[in-house]
Amino acid sequence: MNLAPILPELILTIGSIALMMVAAFVGRRGSALTSWASVALLLVACVSLIGPPQSAGMLFGGQLAADGFGALGKLIIYLCAAVAIVMAHSWFERDFEHGAEYPVLVLMAAVGMSVMVSATSLVTLYVGVELNSLAAYVLASYRRTDERSAEAGLKYFVLGALASGIMLYGISLLYGFTGTAQFEGVAAAFAREGTQSIGLLFGLVFLLAGLAFKISAVPFHMWTPDVYEGAPTPVTAFFASAPKVAAVLLGVRVCLDALGPAIDAWRQIMIFAALASIMLGAVAAYGQTNIKRLLAYSSINNVGFALIGLVAGGTAGASAVLFYMAIYVVMTLGAFLCVQRMRGEDGEYLESIDSLSGLAQTRPGLAAAMATFMWSLAGLPPFFGFWPKLLVFQAAVAEGFNMLAVFGILGTVIGAYYYLRIVKVMYFDAPSGPPYAKGRANVEGVLILLAALIVSPLGYALIDPIATLTNNAAGSLF
């Protein structure tokens, strides 16, 4: 059997098992070893994506697809996971809770997400989702002595179990009424019967409801603010990036591949989810006082914009979604890296928005980076975050969804307020307390600088290479 197409998954699986054994023997003393070894494994997995993993086609009797779409998704996921591990090494460095098992959990979650973006069967879809979710539940409650972290993990587990049950019920309906679990067979059944079959229609709705929970789209977003606020900052950054990318790309593959003939049915659901997510994410963030909770609503808001590209469908829509998620993770990870640098003189991490007051006077470099991420998340030109929004709006207009694009633009204007509020607090408010502890020059600082340069106006130099990647990846779906 040729295993080259699944080489990235093999590297991460074998590596995570080996590091688990290391963690069992060396304990917390091995946290640095397992962290950097995990980052190395993820980078090697990125390199291994070249070749068969992006061109081998269908694998294992149609259970997985080794194509450009999945390969690009895995590249984004692995890089996000590596950043989350680097962040955790700094976050927990003075804390007895930084165990060697943390990066192992991230690697296992990455394996699950790899399966998600390559799944072409309802069975592998569910296996991938659960592989990711089981590791995510532990990560959310990783700080066992912190009540907020324990609460976040419990909420995520209970609601995640409910969403998994809903998804599994939808999968069982689709399998029962089509007689197959493969996307190709499901699409053929919808092509024959359309949405006249109530069983197929209910299966579609329940499956998409489960996926909506994973991407925290309205009305299945309720877990997001509490989990993002309660989980450790590196875990929150991880949740806001890699799993979200995996779930969105899985949704794209499911809708365009398995549910393609039922496009009129799932488009209605996605239009509602997109508009509701954009508006709720924009309005609900207004009264927030915790920066992590605000970024949770920002992630809900941004998922809505990505779904506009999915509504457009076709190669252009899929390419716009890929482009959007690639830039979104840079903006989001950059913002969370800045949040992680918010420490008082006693080393305590600060999360309130008021603690940002006067940051431009005490830490001008950090304030400039944070402002860059806020402006880019708001989609304000000339920052690079404007371009992905423009692409999804163009894809929607090209398919005749003019009003959807108009409402999306309106949501951008509404949501810009709370991003600009952060900038106002940093640059125009007087410092509210002791100055931040001086940050050390380390890997985090380099990542912040790199992310800020990418989402700044300098990022427009990357339009052509990124567009080429996303267009080729989207084309491999069809």
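The paragraphs below lead through the pockets, cavities, salt bridges and surface of this predicted model.

Because the model is predicted, local features are reported at pLDDT of at least 70 and side-chain atom pairs at pLDDT 80 or more, while totals for chains, interfaces and linings use all residues. Residues are numbered from 1 along each chain as its sequence is written, and side-chain values rest on heavy atoms, with hydrogens and water left out.

The largest pocket has a volume of about 640 Å³. A pocket here is an open set of points, on a 1 Å grid over the protein atoms alone, with protein on both sides within 12 Å along at least five of seven lines; its lining residues have an atom within 4 Å of a point. Grid points are joined across faces, edges and corners, and a volume is the space filled by probe spheres set on the points. Of the 26 residues in the lining of the largest pocket, Leu79, Ala326, Val329, Val330 and Ile454 are the closest to its centre. Two or more lining residues come from each of helix H2 (31–47), helix H3 (68–91), helix H14 (314–340), helix H19 (443–455) and helix H20 (463–475). Helices (H or I, at least four residues) and strands (E, at least two) are DSSP runs, numbered from the N terminus. H3 gives the most to this lining, with eight residues. By residue class, the lining of the largest pocket holds 24 nonpolar residues, two polar and no charged. In this division Ala, Val, Leu, Ile, Met, Phe, Trp, Tyr, Cys and Pro count as nonpolar, Asp, Glu, Lys and Arg as charged, and the others, Gly among them, as polar.

A search of the whole structure finds three cavities of 30 Å³ or more, and the largest cavity has a volume of about 80 Å³. Met116, Asn132, Tyr156, Lys214, Trp223, Phe239, Pro243, Lys244 and Ala247 line the largest cavity. H11 provides the largest share of that lining, three residues. The lining of the largest cavity divides into six nonpolar residues, one polar and two charged.

The charged side chains form eight salt bridges, each defined as a side-chain nitrogen of Lys or Arg within 4 Å of a carboxyl oxygen of Asp or Glu. In one of them, Asp67 pairs with Arg253, the closest N and O atoms being 3.1 Å apart. Asp67 lies in the loop between strand S2 (64–66) and H3, and Arg253 in helix H11 (residues 242–258), so this pair ties together parts that are 186 residues apart in sequence. Asp67 counts as buried because its relative accessibility is 10%, and Arg253 counts as buried at 2%. The class limits are under 20% relative accessible area for buried, over 50% for exposed, and partly exposed in between (1.4 Å probe, protein chains only).

Lys292 forms a salt bridge with Glu351, with 3.4 Å between the closest N and O atoms. This pair links distant parts of the chain, 59 residues apart: Lys292 is in helix H13 (residues 291–312), and Glu351 is in the loop between H14 and helix H15 (359–362). Lys292 and Glu351 are buried.

A salt bridge also joins Arg341 and Glu444, the closest N and O atoms being 3.9 Å apart. Arg341 lies in the loop between H14 and H15 and Glu444 in helix H19, so the pair ties together parts that are 103 residues apart in sequence. With relative accessibility of 14%, Arg341 counts as buried; Glu444, at 3%, counts as buried. Elsewhere, Glu151, Lys155, Asp226, Glu229 and Arg293 are linked in a network of salt bridges.

On the surface, Met403, Val406, Phe407 and Leu410 form a nonpolar patch with about 370 Å² of accessible area together. Patches are made of residues with over 30% relative accessible area and no salt bridge, like charges being joined within 9 Å and nonpolar side chains (Val, Leu, Ile, Met, Phe, Trp, Tyr) within 5 Å. Accessible areas come from the Shrake-Rupley method with a 1.4 Å probe, and for residues only the protein chains shown count as cover. Met403 is placed in helix H18 (residues 402–428) and counts as exposed because its relative accessibility is 53%.

Conventions. 1 Å grid on protein atoms, 1.4 Å probe; cavity = no way out; pocket = protein on both sides within 12 Å on 5 of 7 lines; lining within 4 Å.
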